[in-house]
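Open the model in your viewer and keep the selection tool at hand. The stops below go from one selection to the next.

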Amino acid sequence: LAAGAYFGLDPVGARIWQLMGEGKALSEICEIMLEEYEVARDDLERDTLKLADDLEAQGLIKPA
């Protein structure tokens, strides 16, 4: 907000963000999400990695 920008996430993105905040690894996040949502593993992994890349590019997360 200090930079005048904000980021919105859909409910799935918000759930991934929440799990990241709990310190879960991306592999753990994908396993949890596969249990919670009906989605193909390949799609979920691709979308999770893209979100993580986007968040990192914006300086919102750092790789562990």
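Start with Lys24, which is partly exposed at 31% relative accessibility (buried means under 20% relative accessible area, exposed over 50%, partly exposed in between, with a 1.4 Å probe and protein chains only). The side chains of Glu22 and Lys24 meet in a salt bridge, 3.8 Å from N to O (a salt bridge is a side-chain nitrogen of Lys or Arg within 4 Å of a carboxyl oxygen of Asp or Glu).

Before going further, note that this is a predicted model, in which local features need pLDDT of at least 70 and side-chain atom pairs count only at pLDDT 80 or more, while totals for chains, interfaces and linings use all residues. Residues are numbered from 1 along each chain as its sequence is written, and side-chain values use heavy atoms, leaving out hydrogens and water.

Next, select Leu19. Not counting residues up to four places away in sequence, Leu19 touches Lys24, Ile29, Ile32 and Met33 (contact means heavy atoms within 4.5 Å).

Leu19 also belongs to the largest nonpolar core, so select the other members: Ile16, Met20, Ile29, Cys30, Met33, Leu44, Leu51, Ala52 and Leu55. Such a core is a set of buried Ala, Val, Leu, Ile, Met, Phe, Trp, Tyr and Cys residues joined through side-chain atoms within 4.5 Å. Helices H1 (11–21), H2 (26–36) and H3 (41–57) each give two or more residues to this core (helices are DSSP runs of H or I, at least four residues, numbered from the N terminus). The largest share, four residues, comes from H3.

Stay on helix H3 and pick Thr48. Is Thr48 buried or exposed? Thr48 counts as buried, at 1% relative accessibility. Its contacts, again leaving out residues up to four places away in sequence, are Ile16, Leu26, Ile29 and Cys30.

Asp43 forms a salt bridge with Arg46, at 3.2 Å between the closest N and O atoms. Asp43 and Arg46 are three residues apart in H3, about one helical turn. Salt bridges that share partners join Glu31, Arg41 and Glu45 into one network. The whole structure has seven salt bridges.

For the last stop, select Leu60, in the segment after H3. Leu60 is partly exposed, with a relative accessible area of 36%.
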